[in-house]
Amino acid sequence: MEKGLAWQALHAAAAAACRGSVTSGGEGPWGNAVMAKENTRSCNDVCGATDYGKCDADIAIQGMAGKAQNYDQGLGHYYNYGCETPGNTNVLFDEVKAADDAILEGIKSNYGGYFRFCCCRHI
């Protein structure tokens, strides 16, 4: 599998998770953004350092490889964290610090293939 496409699919999933995490979908005439979550910082800090200064959510997502084979098969997992604290500081959840091929490791790894993202809104 092409690593770039795998990262893109994860980012699209993160954008969908962010959209689903807020009832309003954001406010104003601006698009909202997904930012990589640095493992030692809160999403309030990550979002605050950008033009998208308001954090709506801090999420961790993971998806399984392959096509679903039945209806009781788990296809992915997610966590919701608050915006105020760094939460789980495991460096393996930090996409920027990860190896380029970490996206292909998925659930084979010792951390389950989760990556964390900040859901940021333009203010």
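Counting a disulfide as a pair of cysteine sulfur atoms within 2.5 Å, the total comes to four disulfides. This is a predicted model, where local features need pLDDT of at least 70, side-chain atom pairs count only at pLDDT 80 or more, and totals for chains, interfaces and linings use all residues. Residues are numbered from 1 along each chain as its sequence is written, and side-chain values use heavy atoms, with hydrogens and water left out.

Take C18 and C119, whose sulfur atoms sit 1.9 Å apart in a disulfide. C18 lies in helix α1 (residues 3-21) and C119 in strand β4, so the bond ties together parts 101 residues apart in sequence; helices (H or I, at least four residues) and strands (E, at least two) are DSSP runs, numbered from the N terminus. The torsion about the S-S bond is about -75 degrees, so this disulfide is left-handed. C119 is buried at 3% relative accessible area (buried means under 20%, exposed over 50%, partly exposed in between, with a 1.4 Å probe and protein chains only).

C43 and C118 also form a disulfide, at 2.1 Å between sulfurs. This pair links helix α2 (residues 43-48) to strand β4 across 75 residues, and both C43 and C118 are buried. C47 is joined to C120, S to S 1.9 Å, again with both cysteines buried.

As for the sheet, four strands run in the order β1-β4-β2-β3 with antiparallel pairing, and the sheet is open; strands pair if DSSP finds at least two bridges between them. Strands β2 (residues 54-63) and β4 (residues 115-121) share seven bridges, and A60 stands opposite R116 in β4.
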